[in-house]
Amino acid sequence: MNISESQEFKTLSKRKAKFIVPMSITFLVLYFLLPLLSSFTQVLDGKAIGHVTWIWIYSLGLFIMVWAFTVIYVKKAATFDKAADEINAKAKAGDYK
Amino acid sequence: MSGIGIFFFVAIVGLTLFVTYLASKRNNSAADFYTAGGGLTGWQNGIAIAGDYLSAASFLGIAGAIALFGFDGFFYSLGYLVAYLVVLYIVAEPLRNLGKYTLADMITARFNQKKIRATAAVSSIVIVLFYMIAQLVGAGALIQLLLGIDYKIAVLIVGVMMTIYVLWGGMGATSWVQIIKAVLLMIGTVIISVLVLAQFNFNILDMFATVAKDNPHGENYLTAGVKYTNGIDTMSMMLALVLGTAGLPHILMRFFTVKDAKTARSSINWATWIVGIFYILTIFLGFGAAAFVGSDKILAANPAGNMAAPLLAQYLGGDILMSFICAVAFATILAVVAGLVLSGASAFAHDIYGQVIKKGKITEKQQMAAARWASIGVAVFSIILALFAQTLNVAFLVSLAFCIAASANLPVIIYTIYYKKFNTTGAMSAMLFGLVSALILVALSPNIWSPEGTAILTGTPLFPLTNPAIISVPLGFLAGWIGSMIGEKAQARKYAEVKVNATTGLNVSDSVDH
């Protein structure tokens, strides 16, 4: 059979989708929540610490989110690498049509 | 500006020219010219990406916007930063695994048709032009302010210099120019930030408190809504900023300068950290300028606030620090512009000329020559446009480039990688609808029209938003989907091939050792 129909490829694709889709939705929602809240509500306008308003705290949260999500991605992608390398090795050995 | 200013200016420019000269010696093939031979390591490319990203808009524009408007200026930092996650999670690796030199190459992995190539190339060129004009306008204003040269002459100088860079060095030179520039930019920004904090005895809360009191907007400075009063317009702009990067041809090209997806991922990692730290530091730049330079002086130097950072440098460190910062800003603009010229030139030479006009019957040497001529063409055209664009706001032009990238390029990229039923009609529709709708809506927007004549033309804008992303982006995606439904059936085998390559990197094109 060809690669795209093989079990190992299908598994890899599914694993990737199960990771990428929820994570992407998450960070996009968290990102858009900020201008939504700031434009249409007063939730972020109050002061949190001293003169620092909540919107700055939320922004700091977004920075942490970006760094965290980057680290998570790099770690997770390394595991996908292993599976992909195995498929490529099989392909080069001529195991697929 | 004193002799020190001239000295630093010449020194940094001389350094970059020297690097260009070194790189040009290794510039032997089309592969080398376009993509630095695909051999940059992860951290090298990561710093180069960061360098590309931190353009005049980031450094000068955001510092000025935060200085003048408080949190509203910071929206740019947030948008640009989260955009990286979009690139990382959704497009970076599949792109590298599929593509060769340009965006059109990647798209035509699935649809090998001339019209797709040509349309993708046109879209890329339009984006590049807007971005270029923005950088040149910024450079012109900067040089004009610092060295007292006339704006038009300043633009000409910048234009000629960047053309020289590209012609002699290709991507290799611009990569190393980007790396040097990124390092200098970070050093300069860190120095200023530390000095600003020192003024407040390293008490961040104190800084916030002072800034809230001493500015024309009062307490509102620290909340959103000072400049962006229309909620929908804000959402639209945030949409353009976060999605635009993934569709920017000159950034995406950076992924082709590494040898595999793993290295591409590592370079993104590096870039994210560097860029993230930079954008946090913009807070100190902006607040510092607001507190120590003041809105009046900032606005007097440039009505868009672009000179806030250099003026702050002058307050903190006198002429020496100011000229260092200005030289870095200038190198910043030069490097980005060189990358842009390359992007536009390759779109023309490789796609339109090499594939469409010459139908692929073209030697390496011919392609190189075409790329060089195209570089000159792109450069000359944007210089001419920039000469007349002096009154246009730099940040506006850049966010427009982002809007077009998000509306025309991104839908096609995402559908090509992930959508089984995507076909030629879908691709054409997405690109055309995205591009044209964005351009038309901007032409009808308050950026161009104003009842009081404060924009370019006098009259009532027919479209109320300053950034049309919230309409043009969904339109691009929708057109791609509907076009796929009504066009001829997609080739299942082709998609299977694309899917395998994108996922496993099986057929990654060979790269040259850097």
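**Figure 1. Chain A and chain B bury about 4,400 Å² between them.** Carbon and sulfur atoms make up 77% of that buried area. The model shown here, and in every view below, is predicted. Chain A brings 49 residues to the contact. Chain B brings 47 residues.

**Figure 2. Polar links across the interface of chain A and chain B.** How many residue pairs are in polar contact between chain A and chain B? The count is 6, with both residues of each pair at pLDDT 80 or more.

**Figure 3. The side of chain A that touches chain B.** Four elements of chain A each give two or more residues to this side. Two are helices, α1 (7-40) and α2 (54-92). Two are strands, β1 (47-49) and β2 (52-53). Which element gives the most? The answer is α2(A), with 23 residues. Now sort this side of chain A by class. It has 33 nonpolar residues, 10 polar residues and 6 charged residues.

**Figure 4. Chain B as a whole.** Chain B is built with 19 helices and 2 strands. The chain has 514 residues, and 66% of them count as buried. Look next at its contacts between residues with a separation of 6 or more. Of these contacts, 83% join residues 24 or more positions apart.

**Figure 5. V473(B) in helix α18 of chain B.** This helix covers residues 469-486. Is V473(B) buried or exposed? V473(B) counts as buried, because its relative accessibility is 4% and the cut-off for buried is under 20%. Leave aside residues up to four places away in sequence, and V473(B) touches L239(B), L243(B), A406(B) and S407(B).

Figure 6. A disulfide is a covalent bond that joins the sulfur atoms of two cysteines. How many disulfides does the rule count over all chains? The count comes to 0.

Note on methods. Residues numbered from 1 in each chain as written. Chains lettered and ligands numbered in written order. Predicted model: local features only at pLDDT ≥ 70, side-chain atom pairs only at ≥ 80, totals over all residues. Heavy atoms only, no water. Contact = heavy atoms within 4.5 Å. Buried area = accessible area lost by both parts, 1.4 Å probe. Polar contact = N/O pair within 3.5 Å; in protein donor to acceptor, adjacent residues only side chain to side chain. Nonpolar A, V, L, I, M, F, W, Y, C, P; charged D, E, K, R; others polar. Disulfide = S-S within 2.5 Å. Buried < 20%, exposed > 50% of the residue type's maximum accessible area, 1.4 Å probe, protein only.
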